[in-house]
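This report describes how two protein chains meet in one model. The sequence and structure come first, followed by the interface and one residue within it.

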Amino acid sequence: MKGEHLYEKIEAYLSGDLSDADHKVFEGELAKDAALQKEVKLHRRLESELSKPNKKLLRDNLKIISARQTINLNEGEINPKNINIPKSSSFKWLPFLLIALAFLAGAYFLTRPKNNTVKPSQAPTQQELESPNQTPQEQTPTEDSKRNEIRLHQASNEKVEKNKENDQALIASADPADFISNPYLDNQIGNTVRGESYSVIMDKSATAGKVALINGVAQLRLKGSLKTDGKLEKDASFVLMIYTNKKEDYLEDRSILNVPINLQPLKNDAFPFQFNANLRITPGLYYYMVAEKNNDEPLHVGKFEVQSQGR
Amino acid sequence: MTINQDEHISAILSGDMKGLQRIYDLYLNRIARFITSKGGNSEDAKDIFQDALIIVFEKAQGPNFTLSSQFYTFLYGICRNLWGNRLKKKRTSGVINSDDETYTSEEDIQASIEAEEENQVFWDAFDRIGEDCQKLMHLFFEKRRMDEISTIMGHGSVNYTKKRKYKCKEKLLDWIRQDIRYTELKL
């Protein structure tokens, strides 16, 4: 049995159109013929795939749309002046939601699992953030700020420098002193991307451009606000990530820091936030990124240089 | 911007051109920004986007499917995994030499991606058999009667249509068997 006849037999078998007697005979042949078994499976699989309702139509239409679609990588950037945000009066429930969010973010922060890129022997676990409302401190690290230092994750297997003063691990992350831009992140700088419904505007006055490294500590002060087109999703939470300038660290998702952002109550049509941290990092170029937690597409990307004192 | 998230799923399930165009208009540029930021180009982005929508189609056909997150978040997760897989393949073929892949991938998305890669073998063969055969086979797989197909195709007789159908199916299966992925098909 071969050719057209075989195909018809297989099709009739698969659609249950064989007589009882023929069905029995065919099954007998199948049982002793592995090649025939394979052939039957191939026909079955072909038919089940190509007969899926609308799949051909979907594929055809996607091809048509895709061929005529042009990509504009800048579309979706938002000019802050053009954003119309509903007035806060219609969101009386938001402060309650924000308190809940802040609480959840805090709980997450305290209980979250360690980043799996961190080597336990190299990365201290203590991570403390200053209160978001705290007044920025003087540029000289105080005893308090030393306690508040954030020990960053080691991003890759670069050398770990030791802090001579307290001999605790210092996380050196950027390629020291190379200050070379990461093109992937540079392309996104300043992009204030509208997420599903969010955008982030950074406050220029507080955005770190250059950060001095004093006694091994870089005081990073970031300030910005999150705008929405009307509402915060129930489960929305946001994170701030810091990357080194190394291409592979970004491409392979190895941020050196990933912490929740605590949003403050709605003010001037946006939710302000601050990020104040004393970072034990080496001189070099770093990038920060604000993203939605469950969807790490950047809402905003910026960069800062950490420079040795006197540089 | 109010989007009924289910509208996107309906558009994908029904193959509705207008609804699909809307999905492209809303999300392609954002996915492209992600892909280009991760070492791909615009064409990669379009490919990934197209493949991702087909995976949404497959997942949405599951009996227990509900959209548990925003549509975009769902789509983005699939694109991210697809791109991670593609990078991995490029690396193993020596195009990119870098450290271990650290893309986190959700298991069920990965399973869907793998299943769709297998399905692709059948569609790639289908794309190669010529328009006339495609039309005939499509009608055949829609379970139309042979006399109906014969009329639609404008064939003179049902017997001729049967012969054509056999020839077309043979071509289709030949392309599948010649595909290097054929031996890996879970048959």
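In this predicted model, 67 residues of chain B are in contact with 58 residues of chain A. The area buried between chain B and chain A is about 6,300 Å². Carbon and sulfur atoms give 53% of that area.

The rule finds eleven salt bridges between chain B and chain A. One of them joins Lys165(B) to Glu11(A), with the closest N and O atoms 2.7 Å apart.

Several helices of chain B each supply at least two residues of the side that touches chain A: H1 (5-14), H2 (17-37), H3 (42-60), H4 (71-92), H5 (107-127), H6 (131-141) and H8 (158-178). H2(B) gives the most to this side, with 13 residues. By residue class, the side of chain B that touches chain A divides as shown in the table.

| Class on the side of chain B that touches chain A | Count |
|---|---|
| nonpolar | 28 residues |
| polar | 18 residues |

Is Glu118(B) buried or exposed? Glu118(B) lies in helix H5 of chain B. Its relative accessibility is 11%, and because buried means under 20%, Glu118(B) counts as buried. Leaving aside residues up to four places away in sequence, Glu118(B) touches Arg45(A) in chain A, and Glu184(B), Leu185(B) and Lys186(B) in chain B.

Key. Residues numbered from 1 in each chain as written. Chains lettered and ligands numbered in written order. Predicted model: local features only at pLDDT ≥ 70, side-chain atom pairs only at ≥ 80, totals over all residues. Heavy atoms only, no water. Contact = heavy atoms within 4.5 Å. Buried area = accessible area lost by both parts, 1.4 Å probe. Salt bridge = Lys/Arg side-chain N within 4 Å of Asp/Glu carboxyl O. Helix = DSSP H or I, 4+ residues; strand = E, 2+ residues; numbered from the N terminus. Nonpolar A, V, L, I, M, F, W, Y, C, P; charged D, E, K, R; others polar. Buried < 20%, exposed > 50% of the residue type's maximum accessible area, 1.4 Å probe, protein only.
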